[in-house]
Each structure stands twice: as structure tokens, then as C-alpha cells.
Amino acid sequence: MCGIVGYVGPQDARDVVLEGLRRLEYRGYDSAGIAVLADGSLATAKKAGKLANLEKVLAETPLPSATTAIGHTRWATHGGPTDRNAHPHVSADGSVAVIHNGIIENFASLRAECEATGIEFLSETDTEVAAHLLAAAYREAPEGEGRLAEAMRAVCRRLEGAFTLVATHVAEPDTLVAARRSSPLVVGSGRTADGTAEYFLGSDVAAFIGHTRNALELGQDQVVEIDRTRGVSVTDFGGAAAEPVAYTVDWDAAAAEKGGYGWFMLKEIAEQPQAVADTLLGRLGAHGELVLDEVRLSDQELRDIDKIFVVACGTAYHAGLIAKYAIEHWTRIPVEVEVASEFRYRDPVLDRSTLVVVISQSGETMDTLMALRHARDQKARVLAICNANGSTIPRESDAVLYTHAGPEIAVASTKGFLTQVVACYLVGLFLAQVRGMKFEDEVASIVEDLRKLPDAVAQVLAEMEPVRELARSLADADTILFLGRHVGFPVALEGALKLKELAYIHAEGFAAGELKHGPIALIDQGTPVVVVVPSPRSRESVHGKVVSNIQEVRARGALTIVIAEEGDEDVVPYADHLIRVPRTPTLLAPVVTTVPLQVLACEIADTRGLDVDQPRNLAKSVTVE
Ligand code: F6R
């Protein structure tokens, strides 16, 4: 949430920061702003609405060129999305500009304290207190090198909550100072063509991958000073030197571009075969065994597990629901799945033999991070399934399995989701293998099925024209219902979520068997109902039951949209629209059945003239609780 960019170096900092903001706009788009330090003073421009509004302001009234600048795209928490509340915020004496991501929980008392000294606040944000406090702390800090960093440490020691702060001070024109507590921040260091050093700050690496792949990951409660001549130095909030972790970003800049697609989401949907293949790459052994070297838990620790919790939010939670079916089936270990925002507040029973699997594309979702910290406090082992390298969740977990989806820019998760599901399969199978729950040939046979998934997804994508056509005809629907059983149930939930968030159409996903217990009353003449049909080869005639459910809704006037595997003729008489997917083993089917639902939601939103990549009220990475 909120995009943060900073630059110090020889290039025109205005351009570098604006480019970074364009790449980070998906993190929040209520307002945007930029501050440059030029000729010994700060100049700012800020505007409510999308970045395009700020760009228009800058085109009409350009800021002076500078070599130090900070920029921000906002997802409002305290104070509405107005020009005044947009960041950067400047201290009353005009010396400091600050951008912020997170929530300063004790801002009310700090604000009162500032007001008591005669400071008049210009915004309703929690952030503005940081600007005033920082200006005051700077005046108190010893003169000389590192003064702004010292002031930042003093301020951070007083702040409660989660925050990333980036500040610039008129007296230190070649320096940026930043701090982080439970909110994301990465440092990039590069060189221009003539070898001059330049430095970047970003909420994530997308802010600067066009310039450098050399990144530094900061730890909790750390302050970083980046200075054109002195370079990068990191301390904790007390001032003790700290060593940041250096890593090389393996995403390239082109991966974060639209590449000819109208929407990032369309591009990311199209990238799914590759993303699934990349997530499997190197993890399926030549003899059909699982090779998960990066899971840093010993075989003995894995054998000792007697309960698994899967904890995540939103779409990632749906991946967790699918994981439950697969992991329980393959390992016979009980699995509970929970939304992260509820998990830690209900005092779950956790101990050393509990494995908590946290799933997060961004690796920064605050609810998930807090759940993981709670689990570790209770001595449970935590395994993260994550896409963003260098993010907080994998760093704080005992073990990590990265999905290799590449950057996901569209706010609605697509390839992130599919690769999370695949990673969950890998975890389940690996556990089964280590614990001897499956014979080698059984694991090998499922591994063979996993290898076929990228092609199966590609096949679904090649046949999406009828879905696009259908989407156009559904654009005026008031409500669309989604039904599924077994692993089709979480797929139904995911289809409904995608539609809600992108098309702003009321949608709900149901376990098909639950329909008769109430929701069937919603069905009226022409109500579209999407049904995810399991394979006819699925266990215990789930297939037959779903076919009956289709008939039930149709008998009550529903317009049935049926997703069924090739060769399933039983559904034909009851399907007003039939979407075919390739034959896939039941547990793996979500990887193919989800794809038409993504396309459907995306196309309905597009037909309704909505912004598919940046739906209203949302942000990509939810870094507040
Ligand atoms: C929906 C969506 C969100 C995220 C959720 C968790 O399309 O993208 O529901 O899945 O906010 O995000 P991560 O996976 O980054 O923790």
C-alpha cells in the first residue's frame, strides 16, 4: 500500500522518481506527489487522483530540476484522498519533506504535542506529525555527518505502529534518509553509464528495476542513510550499525511493462503457462521425486508435524483452501485454512509440531505478517509461499518456497494465484514424500501430471474467445453466482472475488451443496450462475451431484455457464454456455478451471469501461491491518 520512491544521483531526479511512481502506482492511486530539493529549498507538487493528474500539474508548472527527489502514490488511511492530504508533507519551517507508508498509531498525541508548540497542521494525515517532529529533532541532533539519520532515529523511537518513512532535508541536499518498521522498503544501488554512483529507495524493486538490479534488503526497525558521496549506511533505531542483505533482482524491467497488452492483467493471465512452468522448474526430479532444497526444514522437523494451518488473505486464502484438499489427501495431516486477519485474534492452538504455511504474493501483507509473527511466538514452524524476493514475510519465516511468477502489477492477482496453488501442491507432495505417505511411483505419477499443467493452461487460454463474447453479454448483470464442490468450491470463491473487485458486480461463490440451504432463493429468471464441474472421474460421484445442482438452478430460471472438462457429455443438456477445459486430475483441476473465470471478470470489467488494473478502493499490497 502506498508507493514510495526516492532518488539521489546524477540524473534528473524528477524523471527517475516519476518513472518509479508509474511503476508503483499499483500500490495505491488515491493521490500522488513529489518533492525535489533544488537550490537549497524544497519544491513539491501533489494532486488527488491518479498519477496522470500529477503529471498534468507538472507539465503545466514544472518543478526545478534536481539530483535528489522523493515521490509517493497514496492509498488513503488517515484523511481523505485530497490534494492537501497527498504526500510529501513538509515541516512547518520548510526544512523537511517526508513520505510515508503505514499507520502511525500514536499520531493523535504527537499531533497535540506539535500543536502545543504553535504548529498549524495543513492536512488530516498521521504522516504530517513525522515531518514536524523530524524538523525539530534535526535542530536537536549534533551537527555534522549523519545528522538527518540521527534525527530520524530519534523520531522513530517515538512512533508506534507500522511505517516506512523517507525524508529529505534542505541542509543535506545529497542525502536521503529512510526508516522502516513492519512496512516494506528496499534500497537500489547502481551506476550511470559514466560510472557515477546513484541510489534508489522503493517500496519494492519495481521502483528501480529500469536502472539497477542490485538491491539491499533492510531489516526491522532500521534506518538507512544514502548519500551521494558516502554511500549507504544502515543502523537500528538505537544507532548500532547493521548489515543489510544484498541481493540481485532477477526480474527485468520488461517484465514490469504491459508488452503490447491493453491491461497488465491480460498480460499476466497470458503469462500463466510460463509462470506455472517456472514455479515447477528445478523442483521435479528426473525420477519423479520432489526436490525442494530451499525448504530449510529438516526431514525430522517435517516428520514431526501433526497439524497444518494455512493462513493468507483474499485470493491467496483461496489458494490455501485448495491446498487443504490436496495436502490432507496426500499426507493425512489435518489442515485448517484461515484468513490471516482472524487467525491470531482467536488464540489458535499452536506448538512446535504445528506447521503454519503463510501464502502471500507480495510478501508484505500486514495481516499475514502479523499472523506469521504470532505463529512464531507460539513456537510453530512457519513456511512462506511467496512471490516477491527480499520481502518481509519470507525473511521472517523459518522456510520459504518462492513462486516464480515474476512481477504482478495488476491489482487483481492471477498468475500469483495459479503459482501459489502449484506451490501448495509441491509442499503437499514433498511432505508426503518425506513422511513416506505415498509410494515413490504414486509421487512420480502426480509429478507427471504437474508437468502437464503449463500446456493445459496454455490450451485453456487458446480457447477464450467464447468467454470474451459471453463476458460482453453479461456486462449489465446485477449479480452473478458461482458454484463448485470439492476443489471447485474455492475456485467458485475466487471467480466471485475477481468479478466483485474488477467489475463491481455483486457476486458470490457457494459450495454447490449449500445452495439448497438458503442461497437458492437468490435465483431468479435469467440470473447467471457459473458452475465449476469436477471431472466425471472424481471421487464419490461429486460430478453427478454437481450436474444435479446445475439442473436445480436451471429449473428456477438461472442462465447456466458451465465449466467442464473435455468429453464430459453429462453437462451438455443443462449448459446455456459451456466452457471446456482439458482433462486434468481432480486435485490439480483448479489450475485450469480458474483461468476462464479470470478472463470472464477481466472482460466484463473492460466492457463496463472500468480500470481493470487499478480497481476502485483497492491497492496491490495491503500493508495496513
Ligand atoms: C485479489 C487480490 C487480493 C490479494 C490479497 C493478499 O485479486 O489480489 O485478495 O490476494 O490482498 O495479497 P498477497 O498475496 O500479496 O498477500
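How much space lies in the largest pocket? About 660 Å³ lies there, in a model that is predicted.

## The largest pocket

The lining of this pocket is made up of 35 residues, and those closest to the pocket centre are Cys 313, Gly 314, Thr 315, Lys 620 and Val 622. Several elements of secondary structure give two or more residues each to the lining: H9, strand S17 (354-360), helix H11 (366-377), H17 and strand S21 (506-511).

Sorted by class, the lining of the largest pocket comprises 16 nonpolar, 13 polar and six charged residues.

## The shell around the ligand

The ligand is surrounded by 14 residues, the closest being Ser 360, Gln 361, Ser 362, Thr 365 and Glu 501. Divided by class, this shell has eight polar, four nonpolar and two charged residues.

Two helices, H9 (314-331) and H17 (488-503), each supply at least two residues of the shell. Helix H9 provides the largest share, with three residues. Both H9 and H17 are also among the elements that give two or more residues to the lining of the largest pocket.

## Contacts of the ligand with the protein

Which residue has a side-chain N or O atom 2.5 Å from an oxygen atom of the ligand? That residue is Glu 501, which is also listed among the closest residues of the shell.

Backbone atoms take part as well. A polar backbone atom of Gln 361 lies 2.6 Å from an oxygen atom of the ligand, and a polar backbone atom of Ser 413 lies 3.0 Å from a ligand oxygen atom. Considered alone, the ligand exposes 410 Å², and the protein buries 89% of that area.

## Enclosed cavities

Apart from the pocket, how many cavities of 30 Å³ or more does the structure hold? There are six. The largest cavity contains about 260 Å³ of space.

This largest cavity is lined by 23 residues, and Asp 204, Val 205, Trp 251, Ser 362 and Ala 388 lie nearest its centre. By class, the residues of its lining divide into nine nonpolar, eight polar and six charged.

Technical notes: Residues numbered from 1 in each chain as written. Predicted model: local features only at pLDDT ≥ 70, side-chain atom pairs only at ≥ 80, totals over all residues. Heavy atoms only, no water. Near = heavy atom within 4 Å. Polar contact = N/O pair within 3.5 Å; in protein donor to acceptor, adjacent residues only side chain to side chain. Areas by Shrake-Rupley, 256 points an atom, 1.4 Å probe, with all protein chains shown as cover. Helix = DSSP H or I, 4+ residues; strand = E, 2+ residues; numbered from the N terminus. Nonpolar A, V, L, I, M, F, W, Y, C, P; charged D, E, K, R; others polar. 1 Å grid on protein atoms, 1.4 Å probe; cavity = no way out; pocket = protein on both sides within 12 Å on 5 of 7 lines; lining within 4 Å. Points joined across faces, edges and corners; volume = space filled by probe spheres on them.
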